[in-house]
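Here is a short report on one protein chain. Keep the model open while reading.

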Amino acid sequence: MRYKQKRRIKLIIILAIIAFAAFLYFQHGINLGLDLQGGAHIVLQAQPTEEREINDSVMTGILSVIERRVNQLGLSEPLIQREGSDRIIVELPAVDSPNEAINTIGRTAMLTFRNSSGEVLMTGEAVKDARADYDQYGRAVIAFTLTDSGSEQFADITRKYMGKKIGIYLDNEQLTNPTVQAVIEGKGQITGYESAQAAEKDAILIREGALPVPVEVIETRTVGPTLGQISIQKSIRAGLLGLLLVAIYMVFYYRFPGILAAVILAIYGLILMGTMAGLQATLTLPGIAGLILSIGMAVDANIIIFERIKDELKSGKTLRAAIDAGFKRAYTTIIDANVTTIMTALILAYFTSGTVRGFAVTLGIGIIVSMFTAFFVTRNVIDIFAGSKLLRENKSFGVRKG
């Protein structure tokens, strides 16, 4: 009775894991990289000024500002990385028009308040926050909040320029040129926008700060999704064909345990997809190669386990004793083989970027999931069927007693 209860509990746990993985996959889906779903590839180059030269500190500041701006755009899984001493690569999946993105991420975004003579009275450093909003007439505006020191400064400015115009500029482009009608402190508005969307774009630039130095777009291109769709289709076909051939081989060579192995591989694939969806990992074309390679590692783990069990059966042990001994012998080999590969994947993920990192991350996730599948799912599935008539000692794992 206890054995049956244990089998039932193990089966429930496995089904729960499968259900949870399926939930994560269908709930979150898999994020596709630029090479699979298309998007914009932009290369920016920092430009030195009379006041500032290009160094690591300046580049770090540019990278930080661009990252904040891109995150504010709400784009999924952007790639932002430094290249060389003065360049930054920005890849934005699912963006059809690079020019619109450039207008937001590539502008210097220096906000200034000026008098009619063009003299700068205050800069955007005094602005603490800026958001798109509507005024009392329903017109789109930017509502900004000043810092404590900025509030005092702006109050003095508006008091001095009462009845006069103060222009608000963003990168020398005039946003509005209102006449001061009251002393303003703490909060203010920038008018002149046709829509809230247009106001929000400038609000992002103001809110996330100006770039330390100007940047120039030296390369921009749109990557179409057509190649990605073809790659996905071919990869799926290759993966399914490979799984089918592996399943045929496993069934032919190991009999009923081979059928179990094929089912376990399908479970492995579902758990892997659920894990990637739960981690919000991005799948790229090299990442697909990593997935297929990890499937091979999962097959290797099953073969090692079955061969160890087969050796134990040949030595005359009972099926249950052979399964226990076979798994114990297989664990060390599987851990040694997989840990070394995981170490390589970690090194690649840490020291590389772009497509190579995508391959390494996907491979690493796949190997960890394959080890979990081998140690928990395979072991428990074999245990569940060990007491059934489907696994007979004289035929199990392709062994025939002479």
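The model is predicted.

## Helices α8 and α9

Helix α8 spans residues 256-278, and helix α9 spans residues 285-314. Their axes lie 11 Å apart, and the packing angle is about 145°. The crossing of α8 past α9 is right-handed.

On the α8 side, the contact is made by P257, G258, A261, I264, L265, Y268, L272, M273 and M276. Facing them in α9 are L291, S294, I295, A298, V299, N302 and F306. By class, this contact has 13 nonpolar residues, three polar and no charged.

## N302

N302 sits in helix α9. Its relative accessibility is 3%, so N302 counts as buried; the cut-off is under 20%.

Leaving aside residues up to four places away in sequence, N302 touches M250, A261, I264, L265 and T378. Among these, A261, I264 and L265 belong to the α8 side of the helix contact.

## Helices α3 and α6

A second pair is formed by helix α3 (residues 56-72) and helix α6 (residues 196-208). Their axes come within 10 Å and cross at roughly 145°. Here too the crossing is right-handed, with α3 passing α6.

V65, R68, R69 and Q72 are the α3 residues in this contact. They meet I204, L205, R207 and E208 of α6. The class count is three nonpolar, one polar and four charged.

## The four-stranded sheet

Four strands make an open sheet with antiparallel pairing. The strand order is β6-β5-β9-β10. The edges are β6 (120-123) and β10 (173-176). Each edge strand has a single partner, so one side of each is left without a neighbour in the sheet. From one strand to the next, the twist averages 35°.

Strand β9 (residues 167-170) runs antiparallel to β10, and three bridges join them. In this pair, Y169 stands opposite Q174 of β10. Helix α5 (residues 148-160) packs on the sheet. There α5 touches β5 (111-114) and β6. The direction of α5 makes about 155° with that of β6.

Conventions: Residues are numbered from 1 along each chain as its sequence is written. This is a predicted model: local features need pLDDT of at least 70, side-chain atom pairs count only at pLDDT 80 or more; totals for chains, interfaces and linings use all residues. Side-chain values use heavy atoms; hydrogens and water are left out. Helices (H or I, at least four residues) and strands (E, at least two) are DSSP runs, numbered from the N terminus. Buried means under 20% relative accessible area, exposed over 50%, partly exposed in between (1.4 Å probe, protein chains only). Contact means heavy atoms within 4.5 Å. Axes are lines fitted to C-alpha atoms, for helices over the stretch in contact, and angles run from 0 to 180 degrees between N-to-C directions. A crossing is left-handed if the near helix is turned anticlockwise from the far one by less than a right angle, and right-handed if clockwise. Ala, Val, Leu, Ile, Met, Phe, Trp, Tyr, Cys and Pro count as nonpolar, Asp, Glu, Lys and Arg as charged, and the others, Gly among them, as polar. Two strands pair if DSSP finds at least two bridges between them.
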